[in-house]
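Work through the exercises below with the sequence and the model side by side. Each task is followed by a solution in steps.

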Amino acid sequence: TLASAAVRPERAHLIGGGGADIVTAALINGAAGHALDYDDVHNALPGHATAPVAPAVLALAESTPASGLQLLEAFIAGFEVTCRMGVFASPGLFRRGYQGSTTAGAIGAAAACGRLLGLDAPRLRRAFGLAATQASGLQATFGSMAKCFNIGKASQNGLLAALLAARGFECAEDVLEAPRGYGAVFADGGAAAAALSPPPGGWHLYRNLFKHHASCFMTHAPLDAFAALRAAHGFAEADVERVVARVEPHYHRVVLTPPPRTG
């Protein structure tokens, strides 16, 4: 298995140019992937499943004898685990103020990298535990650079968890369901039965959503409504004195941030 082979300390590519060690590359590419909030979204989290998983598995694949098919299999495994962890922790995780993309995404990234490394079941459970004990990401950071940093950290933490587990680093193997583990801390115990149930169509990936606008998915319905109104009535920006939008109350906690002053 790949787990028995030494992962070479080579540099991985940074999207856009340059390189870094694989753990740092996962951090930087993960943050960059979410910086414009144009990444795909999944309602199972709710949040972003690709952004924390893809950078981790891409960085790791550059340092392993993995094929393109193995990389794709690893990404799909990580995506599915991320979504299942979102189901497991909803809605308690969101109510507590955590970011679903990062707390679930760290475990999904560990699953993807563990798959690529060929970890056996005990080591994969330890990788899940190592990712879960690092999992974080607070909604209070939304509207700042820290929001995309959270995604990068989730990617980095999942990759590091899998690398440590491959080398025999120990961790409790029941961290997800333990009395003081992930489910208890983040989500009122967790919904294990729902998380383990097959999603519609058999794969969460089938229900992934892609954005029309470079902004949080919660803003898309009002944006589409504004575009439809302008198309129907032909008014210009200068004709609009004010806009009143009525949305779900919890949206305010996510997207109602101070007006941006910098890029």
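**Exercise 1.** Which hand does the crossing of helix 2 and helix 7 have, left-handed or right-handed?

Solution. The model is predicted, so local features need pLDDT of at least 70 and side-chain atom pairs count only at pLDDT 80 or more, while totals for chains, interfaces and linings use all residues. Residues are numbered from 1 along each chain as its sequence is written, and side-chain values use heavy atoms, with hydrogens and water left out.

Step 1. Locate the elements: helix 2 covers residues 50-61 and helix 7 covers residues 146-166. Helices are DSSP runs (H or I, at least four residues), numbered from the N terminus.

Step 2. Take the geometry: the two axes come within 8 Å and cross at roughly 45 degrees. That angle makes helix 2 oblique to helix 7. Axes are lines fitted to C-alpha atoms over the stretch in contact, and angles run from 0 to 180 degrees between N-to-C directions. Under 35 degrees counts as roughly parallel, over 145 as roughly antiparallel, 65 to 115 as roughly perpendicular, and the rest as oblique.

Step 3. Assign the hand: the crossing of helix 2 and helix 7 is right-handed, meaning that the near helix is turned clockwise from the far one by less than a right angle.

**Exercise 2.** How many salt bridges does the count come to, and which parts of the chain do some of them link?

Solution. Step 1. Apply the rule: a side-chain nitrogen of Lys or Arg within 4 Å of a carboxyl oxygen of Asp or Glu. The count comes to 7 salt bridges.

Step 1. One of them pairs Arg96 with Asp188, with the closest N and O atoms 3.0 Å apart. Arg96 sits in the loop between helix 4 (92-95) and helix 5, and Asp188 in the loop between helix 8 (182-187) and helix 9 (192-196), 92 residues apart. Arg96 has a relative accessible area of 37% and is partly exposed; buried is under 20%, exposed over 50%, and partly exposed in between (1.4 Å probe, protein chains only).

Step 2. Arg125 and Glu173 also meet in a salt bridge, at 3.0 Å from N to O. Because Arg125 lies in helix 6 and Glu173 in the loop between helix 7 and helix 8, the pair ties together parts that are 48 residues apart in sequence. Both ends are partly exposed: Arg125 at 38% relative accessibility and Glu173 at 30%.

Step 3. Glu173 forms a salt bridge with Arg126 too, the closest N and O atoms being 3.1 Å apart.

Methods: Helices (H or I, at least four residues) and strands (E, at least two) are DSSP runs, numbered from the N terminus.
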